[in-house]
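Trainee: I am new to this structure and would like to understand the words used to describe it. Could we look at it together?

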Amino acid sequence: MEKIREVIVVEGLHDRDRVQKAVDADVIVTGGSHIKRQVFDDLARVAKTRGIIILTDPDHAGERIRRELAMRFPHAKHAYLPRREAINKDDVGVENATREAIHIALALVRTPMEQSNPEILWEDLVRAGLVGKQNSAAQRERMGEALRIGYANAKTFFKRCQALGVTREEWERARARIAESNAAKEEFTR
């Protein structure tokens, strides 16, 4: 098993244990949404020397923690687990993900970038039905899963596409996979 250079940031001890069973990596635990100063200091130190990968739970609290960490550490990398891969009964968290799901999330890690010419525009979200329709939230969730950038409201989803450098090719591939999945579901229900 190859060692991951960056330090992975998770929310809780059970998340840390699950990640360390899946990959050879050092892990820092935030301790939830009230992150202590010492944790921020530790993260600042490793962010400068090794880099960090943020892997929070795919829920509201996890997204809030991710935003806070991303504001403090704008060059941090991001790994996303789809909600359906991190759920056990009503409990959503990294601790519920399989080793394979964690491997995939870390293999598809995203690095924020400053793009002067983003490839994905607001109009793309509108055309894809990710904004302004009754089922837009569900469609964003599916698209976020296909792109491996997680779920977010429309404005945050758009910013995330730009910040994480989603390309036109990735966008179209994701839309095609979703369309194929929809077609297969329709065929199954006939």
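Mentor: This is a predicted model, in which local features need pLDDT of at least 70, side-chain atom pairs count only at pLDDT 80 or more, and totals for chains, interfaces and linings use all residues. Residues are numbered from 1 along each chain as its sequence is written, and side-chain values use heavy atoms, with hydrogens and water left out.

Trainee: What makes Trp122 and Phe158 an aromatic pair, and of which kind?

Mentor: Rings of Phe, Tyr and Trp (its six-membered ring) pair if their centres lie within 6.5 Å, and planes under 30 degrees apart count as stacked, over 60 as edge-to-face and the rest as tilted. By this rule the count comes to 1 aromatic pair. In that pair, Trp122 and Phe158 are 5.4 Å apart centre to centre with 90 degrees between the planes, which is edge-to-face.

Trainee: How do you know that the charged end of Arg72 sits over the ring of Phe40?

Mentor: A charge sits over a ring if NZ of Lys or CZ of Arg is within 6 Å of the ring centre and within 35 degrees of the ring normal. The charged end of Arg72 sits over the ring of Phe40, 3.6 Å from its centre, and Arg66 lies over the face of Tyr80, at 4.0 Å from the ring centre.
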